[in-house]
Amino acid sequence: MFDDHHYKFNETLLRSLGLWPIGRTKCESFRAICFYMLLISRVIAEFAQFIIADISINIAIGILLDSLSAFLYLVIFNMFFFNPKELKQMLEEIVNNRQKLTDSREIKILEYYSHQGEKFIVAILWLQMFILFTFIIMGLLPDIFDFLRPLNESRTHSLFFMKEYRINVGIQYYFFLSYSVISIAIGTSAVIFIISTLLSICLHCCAMFKICCYRIKQFADNKIIACSNKRNEIIERIIRTVELHRKAKQLSKLILTSFTISCLSTVLIGTCGFAMSLCRLLNALSMRDSVELGTSISYIIGYEFCLSSTSFVGQLMINHADELFNTLYMSLWYKAPITIQKSLLFIMQISAKNLALKVGGIFVITMETFNSITSTSMSFMAVIYSIQ
């Protein structure tokens with residue numbers, strides 16, 4: 001059983017979707033299948049609008065944007081739905097790393113990074129609930145006005161999603177509204193829960209790199225180096241530091257190798273979706289449509305969240321990996337005995353190689369890549385907007 005209390009929050013979130021890989025019950029597996037089928041039905045329903053709609057460029061952009069968003073929910077849900085063994089392997093590796101730490105300072109470093117991940121999750125969950133609540137209120141706004149200020153006839157409704165079905169009255173409207181809200185709630189929850197879990201794993205890697213730097217500072221100072229009788233102890237610490245650094249790099253690369261197709265699909269969908277969100281925003285501003293404006297802004301926030309959070313975490317891991325080399329270079333390694341110097345130079349040689357987090361061998365996950373994706377989306381948006 002997985003008994004790391006730092007990941008209980010992640011476990012609770014993923015169990016609600018039936019995606020927690022350890023100790024999964026039949027009820028949780030059935031729940032995950034139901035959610036998966038619901039997300040598939042949403043993708044089919046969105047793309048089916050192309051069959052019944054009177055296609056124009058603006059309508060095509062709107063349908064394609066909604067369809068890509070629904071497909072993105074499905075792609076991210078697939079990451080844990082079809083790869084439970086890989087996720088379980090990562091979580092077990094985290095437990096093994098924690099059990100080998102006995103220094104109180106090192107444990108505090110781990111706890112600090114774990115708490116940072118929890119704060120991020122809570123903030124995003126509040127944002128999700130606010131957006132969903134706003135969509136529900138706006139969908140029921142005609143009914144609210146009918147109750148507060150009734151007219152001779154009921155006010156007409158309008159769907160925010162799947163508009164081309166043109167269902168504005170009757171029980172069918174409330175069915176479609178409920179279907180849209182539930183599918184969006186499950187889709188956004190899957191995105192938030194899965195990204196937050198991967199974020200927690202990446203922050204664990206960052207903590208491991210930070211602990212390696214802490215260990216270097218501990219045994220590469222004047223007091224330790226001056227004690228010739230502690231030479232064997234220092235070499236033993238160096239060996240443990242190298243082993244910890246190696247495991248941190250292996251865990252960071254395991255994340256990408258396990259979810260290569262999903263990560264690559266997320267980047268491609270995010271690039272196209274962000275460009276179409278900008279086009280939809282410009283159309284909403286030109287038509288002065290407040291509903292379209294709010295929907296477009298929600299899409300932009302969602303795509304920016306996926307792309308920026310992924311790029312930021314990748315950059316954070318690279319920075320922490322590079323910090324070990326800088327810490328060792330600025331230490332007093334040159335005053336150590338020759339045998340210890342050779343060991344420290346070996347660490348410098350290993351840590352001098354940059355941690356390259358590549359998605360499918362194409363994209364390197366850094367903030368520079370995020371800027372490139374954003375500029376590409378802006379160019380793509382300009383091309384689409386000029387065609388209209």
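**Ground rules.** I'm working from a predicted model, where local features need pLDDT of at least 70, side-chain atom pairs count only at pLDDT 80 or more, and totals for chains, interfaces and linings use all residues. Residues are numbered from 1 along each chain as its sequence is written, and side-chain values use heavy atoms, with hydrogens and water left out.

**Whole chain.** I looked up the secondary structure and got 14 helices and 2 strands (DSSP runs: H or I of at least four residues for helices, E of at least two for strands, numbered from the N terminus). Of the 388 residues in the protein chain, 50% are buried (under 20% relative accessible area with a 1.4 Å probe, protein chains only).

**Contacts.** I took contacts (heavy atoms within 4.5 Å) between residues at least 6 apart in sequence, and 77% of them join residues at least 24 apart.

**Cavities.** I found 3 cavities of 30 Å³ or more (sets of points on a 1 Å grid over the protein atoms alone where a 1.4 Å probe fits but cannot get out; lining residues have an atom within 4 Å of a point). Which of its 27 lining residues are closest to the centre? I noted L198, C263, T310, S311 and I365.

**Who lines it.** I see α12 giving the largest share of that lining, 8 residues. Other elements that give two or more residues include α4 (57-81) and α8 (170-219).

Note on methods. 1 Å grid on protein atoms, 1.4 Å probe; cavity = no way out; pocket = protein on both sides within 12 Å on 5 of 7 lines; lining within 4 Å. Points joined across faces, edges and corners; volume = space filled by probe spheres on them.
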